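Trainee: Hi, I'm new to this one. Could you walk me through it, a bit at a time?

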Amino acid sequence: SDDNFLLSPSSIQDICIGNVLSPPTSAVSFRMAALSANIPHTTSLSTTNRQCSSGLQAVANIAHAIRCGSINVGIGAGVESMSANPMHELYEKFPPEVDWDTMQNC
């Protein structure tokens, strides 16, 4: 029940989740989690991908919305840790085919 919350789930107006490695369909899972927490279906939910700082960007998006008066209450969160993902191993095995000279001089 909502008695366990310090804040009523119905007061949450927006949710922003930062994710990088999740598939595009992960927003459905995030919505299901919100609904399971008794957050109303009318609460907006978005995702953001900013590579190694997606969770921080999600919090910044919610803070900005609060600061400019768009919402009063929101949740900004991240769902993964890039430092726990050994992506560098992938690049070592399969380096990207990039023309570095062209990129640096553009």
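Mentor: Helices (H or I, at least four residues) and strands (E, at least two) are DSSP runs, numbered from the N terminus. Keep in mind that this is a predicted model: local features need pLDDT of at least 70, side-chain atom pairs count only at pLDDT 80 or more, and totals for chains, interfaces and linings use all residues. Residues are numbered from 1 along each chain as its sequence is written, and side-chain values use heavy atoms, with hydrogens and water left out.

Trainee: Does E80 count as buried, exposed or partly exposed, and what does E80 touch?

Mentor: E80 counts as partly exposed, at 30% relative accessibility. Buried means under 20% relative accessible area, exposed over 50%, and partly exposed in between (1.4 Å probe, protein chains only). Not counting residues up to four places away in sequence, E80 touches N19, V20, L21 and S22; contact means heavy atoms within 4.5 Å.

Trainee: How far apart are the C-alpha atoms of E80 and Q51?

Mentor: They are separated by 11 Å, and the two residues are 29 apart along the chain.

Trainee: OK, switching to the sheet. In what order do the strands come?

Mentor: The order is β2-β1-β3, three strands in an open sheet with parallel pairing. Two strands pair if DSSP finds at least two bridges between them. On average, neighbouring strands are turned by 15° against each other, direction ignored.

Trainee: How many bridges join β1 and β2?

Mentor: Five, in the parallel sense. I15 stands opposite L45 in β2, C16 has S46 as its bridge partner there, and I17 has T47. β1 and β3 also pair in the parallel sense over five bridges, with I15 opposite I75 in β3.

Trainee: And is β1 enclosed or open?

Mentor: β1 is largely enclosed by the rest of the structure, because five of its five residues are buried.

Trainee: Which way do the residues of β1 point?

Mentor: D14, C16 and G18 point one way, while I15 and I17 point the other way. In a regular strand the side chains alternate between the two faces of the sheet.

Trainee: Now the helices. Which strands do the buried residues of α1 pack against?

Mentor: They pack against β1 and β2 (44–48). The buried residues of α1 are S26, F30 and A34. Seen down the axis of α1, these fall within an arc of 90°, so they line one face of the helix; the arc is that of the directions from the helix axis to the C-beta atoms. An α-helix has 3.6 residues a turn, so residues three or four places apart point the same way.

Trainee: What does the face turned away from the buried side carry?

Mentor: That face of α1 carries the exposed residues M32 and S36.

Trainee: So which residues make up the largest nonpolar core?

Mentor: I12, I15, I17, F30, A34 and I39, six residues in all. A nonpolar core is a set of buried Ala, Val, Leu, Ile, Met, Phe, Trp, Tyr and Cys residues joined through side-chain atoms within 4.5 Å. β1 (14–18) and α1 (26–36) each supply at least two residues of this core. A second, separate core of five residues includes C16, I62, A65 and I71.

Trainee: What is I12 in contact with?

Mentor: Leaving aside neighbours within four places in sequence, I12 is in contact with L7, I39, T43, V73, G74 and I75.

Trainee: T43 came up there. Where is T43 found?

Mentor: T43 is in the loop between α1 and β2, and at 3% relative accessibility T43 counts as buried. Not counting residues up to four places away in sequence, T43 touches I12, Q13, D14, I15 and R31.

Trainee: Last one: what phi does N38 have?

Mentor: N38 has a positive phi of about 65°, although N38 is not a glycine. N38 is also placed in the loop between α1 and β2, and N38 is partly exposed, with a relative accessible area of 43%.

Note on methods. Axes are lines fitted to C-alpha atoms, for helices over the stretch in contact, and angles run from 0 to 180 degrees between N-to-C directions.
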